[in-house]
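Hi,

Here is the structure I promised to pass on. Have a look at it first, and then read my notes below.

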Amino acid sequence: MPGRTAFQENANTEEMEVLRMNLAKVRIPEPTNRIYKQECCISFDTPKSEGGLFVDMNTFLAFGKDYVGWNFEKTGNPVYLHIKQTKKAIPEDRPLKKPTLLAIGVDGGFDNQEPEYDETYNIIILPDYATLPFPSVQLPEKVRLAVDAILIAEGAERKEQLASWTADKKQISEHALTLKQIDNGVIVPPSGWKCAKCDKTENLWLNLSDGMILCGRKLWDGSGGNNHAIDHYNETHYPLAVKLGTITSDLEGADVFSYPEDESVTDPLLAEHLAFFGIDFSSLQKTEMTTAEKELDQNTNFDWNRIQESGQEVEPIYGPGYTGLVNLGNSCYLASTMQVVFSTHSFCSRYYKNQNLKMAFDNAPADPTVDLNMQLTKLANGLLSGKYSMPAVQNNDVDSSPNSKQEGIRPRMFKAVIAASHPEFSTMRQQDALEFFLHLIEQVERIHSGNPNLDPSRSFKFGIEERLQCPSGKVAYNKRHDYILSLNIPLDKATNKKELDEFQKYKTQKEAKGEKLSSEEIVRPRVPLSDCLDSFSSPEDVQGFFSTALNTRTTAIKTAGLTSFPDYLVLHMRKFVMEAGWVPKKLDVYIDADDIIDISHMRSKGLQPGEELLPEDGPGGQEESTKVMANEDIVSQLAGMGFNHLHCQKAAINTSNVGVEEAMNWLLSHMDDPDIDAPIQKEAGNNDVDPSKIAMLVSFGFEEEVAKKALKASGGDIEKATDWIFNPPASSGPMDMDATSSSGPTTTTVDPTLPDGNGKYRLIGLVSHIGSNTQCGHYVAHVYKEGRWVIFNDDKVGVSKDPPKDMAYLYFYERIQT
C-alpha cells in the first residue's frame with residue numbers, strides 16, 4: 001500500500017496475528033441470530049456517539065466505548081466490529097413535506113429531516129484495542145464473511161420496529177365477497193345527500209346492502225352524527241357501509257366500515273357495489289375527511305394545543321433528569337409514564353442511585369437485552385444522568401431555539417423487554433397509559449418476588465377495605481390491594497352550573513342556525529377533585545348480594561376506605577360515562593385538582609364496636625354465595641344498546657351488579673379480551689380445584705386458602721384467579737379474600753408489607769391524554785421538579801408555563817413526610 005512505513009507494516013502484521021489467534025471466538029451469524037448494531041445494550045450509545053459502537057463478533061451484542069471492556073471481562077470475547085457514523089451536511093433549502101399519515105419516517109408521514117451519515121468500520125481486538133481496517137482483502141475470510149453478514153442483516157433493534165408506523169393496514173372484509181345487495185330501485189345521486197332519519201348532511205354513510213344513507217356515530221365531544229347508521233345495522237344486520245364524500249376515482253381512499261368486524265376495512269368489490277346503486281365513482285370528488293384524516297385533524301383542536309402547550313415558547317431544559325424520549329411510533333404512552341415514574345424517589349433510588357450500570361450488567365444473563373432489571377437500569381441512567389440531555393443538532397448546528405427538541409434517547413430495548421409478555425404493548429399501536437403503568441408495576445413486582453424489600457413498586461401499593469351491610473344489619477369486610485385509585489367524576493358536583501346552562505342555550509341557538517361552535521366557545525363542567533375522592537367512599541347499592549344471614553340475594557350497601565396510604569398515590573379519572581339514551585360518551589370535563597390534598601378521612605376504620613359480622617355460611621351458603629348472577633335489568637339495558645347478551649351478562653357480573661354505568665365501563669375496556677365469548681363458568685359440586693394450579697398460585701406468594709377461593713371463582717383459570725385476588729367481586733360476600741369473619745379482629749389490621757403514613761399529599765406529576773379514547777391520540781407528561789413544572793412531550797423537554805392540571809388522565813401525588 002503506497003505511503004505505508006515498515007513500522008506500520010510490522011504493526012499490522014502483529015495485529016493480524018493476534019486476530020488469527022482469536023478466530024475461534026469469531027462466529028458467522030446465522031439468519032436466526034439477533035444482531036445488535038444500532039445501540040449499546042447497556043447504555044444509549046450508538047454508532048453516532050463519539051466512541052462509536054462495538055459489536056461482539058461472537059454474541060452479536062453491541063457496546064459503547066466505555067462498556068465494551070466490561071463485556072470482555074465477563075465473556076472473554078476479544079474481537080469486535082467497530083462502527084462509527086459521521087454526519088453529512090444537509091442542504092439548507094430542503095423542503096418540508098405536509099404529512100398525510102399519522103406516521104414518522106415513512107412516505108406520507110411527518111418529515112423529521114433526518115440527517116444522513118458516512119459510516120466507517122474497523123476490526124478491534126481487546127484488551128489492547130488492536131485495530132485493523134475493514135474492508136481489507138488481508139483479513140481472514142471468516143472475519144470478512146462475518147462482517148458482511150452483520151452489515152447486511154437487519155438489526156435486531158430495527159426488526160422490532162418493522163411493524164408499520166401507521167395504523168394497522170386495513171384488512172379485506174370477510175363480508176365483502178359475499179355481500180347481498182337488495183334490488184329495491186334505490187339510485188344514489190352524486191350530491192345533495194341527507195340522512196334518511198334526520199337533517200344531518202355531513203358524516204353520512206351509505207349502507208351497501210340496501211342503499212340507505214344515514215348519519216354516523218355521535219362522538220365523545222357531542223359532534224358527529226346521531227347514530228342512525230349503527231342503529232340501522234342493529235335493526236337489519238346489513239354489514240358494510242361506505243362514507244359518502246370519501247369516494248373518488250381512487251377507491252383505495254374510500255372509507256369502508258364493517259359493523260360486525262367493528263373496524264375500517266377494504267372492499268375489493270367496492271366498484272361493483274357502488275354501481276349497483278348507480279354510482280359512477282370516477283366522477284365523484286372528495287368532500288369528507290376519512291377517519292384517519294380526522295385523527296390528523298386533532299392537531300388543531302384546543303385540547304391538543306393546551307396539553308402540549310403549543311403556541312407558547314417553552315424554554316428548553318437540559319441536564320440530569322431532563323432527558324427526552326424519542327417517539328418510537330405511538331410510544332408516547334410509555335414515554336409519559338416512565339418520565340413520571342422515574343421522578344419518584346423509589347424508582348430513582350432502585351435503578352440509579354443504588355445500582356449502577358456495572359452492577360446490573362454483572363448480574364444480567366448472557367443476553368442483557370432481555371433482562372428487565374438491566375433495561376430499567378439502562379433507562380434510568382439514560383433519563384437521570386444527563387449524558388444524553390443535549391440540544392438536537394440541525395444542519396451541523398446546535399438548535400437552541402425555543403421549542404427545540406433534544407437528541408433524546410430511544411427506549412427500544414426497554415419497550416421490547418417490558419412488552420415481551422403482553423400482546424398489545426408489543427405492537428406499534430397506541431395503548432392506554434394506565435394499563436401500561438399497571439403492567440410495569442406488575443412486572444417490577446414479579447422480578448422482586450425473592451427480595452421484596454428492594455421492590456420500588458411497593459411505594460405505589462395500598463390496601464382497600466370494602467364494608468358491605470345487608471338489610472339484616474350485619475356486615476362483611478373485604479380487603480384487597482391496588483396500585484391506583486380509580487375515581488368516578490360526579491358531574492352533578494360541577495361548580496360552574498350557571499355557565500353550563502347558558503352555554504347549552506347558546507349552543508342550541510348556534511345549531512339552529514347551522515353554525516358550528518369554535519373550541520374557544522365550549523364551556524366544560526368543572527368538578528373539584530375532592531368530590532371525586534368523596535365519591536369513592538360514598539355509599540352505593542350492590543344488587544344481587546347473597547346474604548348468609550338471610551340466605552337469599554338482596555341489595556347491600558357498600559362503602560370503601562383505604563387501610564394504608566402509599567408513598568405515591570396515583571389517581572385515575574374515569575372519563576367514560578353513559579349519557580341520555582344510554583350512549584357511551586367520553587366526559588369532556590375539567591378536574592380542579594389541588595396541589596395539596598388530604599385523604600386522612602378516607603382511612604378505613606374496620607369492624608366497629610356493636611357491629612355484627614355476617615356468618616361464614618348460611619344453609620347451603622358456601623356454594624350459593626360463590627355464585628354471582630347477572631342483574632337482568634342491567635343486562636337488558638346494555639343489550640338494548642346493541643351489545644352481545646353474553647358480554648352484557650359478564651359486564652354485570654364483573655362489576656358486582658352495581659349499575660349500568662359501571663358495567664358499560666367494564667364492557668368498553670374488555671371488548672377485546674380473548675375469552676369475552678367464552679361461556680360463563682358455573683360452579684359444580686364441591687368446586688374441586690386442580691392442586692397444581694393451587695401450588696402455582698401459592699408459589700406466587702398467595703395463601704393456599706385464598707388461591708383455592710380464587711380458582712373456584714374463576715373456573716380454574718390461573719390468570720383470572722390472579723385478577724380475582726387483586727380485584728375480588730364485592731357481591732360474593734364473606735367468601736372474598738381476607739373477608740373478616742365472625743371470629744376476626746375488631747379493628748382494621750394494617751398489612752406490615754405496605755407503606756403507610758399520614759394522608760397529606762403533594763401533586764408531582766400528570767399524564768394527560770388527547771383523543772377520543774385511550775387507544776388513539778397522544779400522551780404528554782408534566783412533572784414538578786426543582787420548584788417548577790416541566791413538560792415532557794416525547795423528546796421535547798422544557799419549562800411548563802401552563803401545566804394542564806385540570807385535564808389530566810392520571811394524577812401522581814407524593815405523600816408529604818412529617
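In α18, Glu-632, Ile-634, Val-635, Leu-638 and Ala-639 touch His-645, Cys-648, Gln-649, Ala-651 and Ala-652 of α19 (contact means heavy atoms within 4.5 Å). Sorted by type, the residues of this contact are seven nonpolar, two polar and one charged (Ala, Val, Leu, Ile, Met, Phe, Trp, Tyr, Cys and Pro count as nonpolar, Asp, Glu, Lys and Arg as charged, and the others, Gly among them, as polar).

Before going on: this is a predicted model, where local features need pLDDT of at least 70, side-chain atom pairs need 80 or more, and totals for chains, interfaces and linings use all residues. Residues are numbered from 1 along each chain as its sequence is written, and side-chain values use heavy atoms, leaving out hydrogens and water.

The axes of α18 (residues 632-639) and α19 (residues 645-654) come within 9 Å and cross at roughly 135° (axes are lines fitted to C-alpha atoms, for helices over the stretch in contact, and angles run from 0 to 180 degrees between N-to-C directions). Helices and strands here are DSSP runs numbered from the N terminus: H or I of at least four residues, and E of at least two.

Now the sheet: five strands make an open, antiparallel one, ordered β7-β6-β8-β9-β10 (strands pair if DSSP finds at least two bridges between them). At its edges are β7 (213-215) and β10 (263-265), each pairing on one side only. Three bridges link β9 (residues 256-258) to β10, and Phe-257 sits opposite Ser-264 in β10.

Cheers
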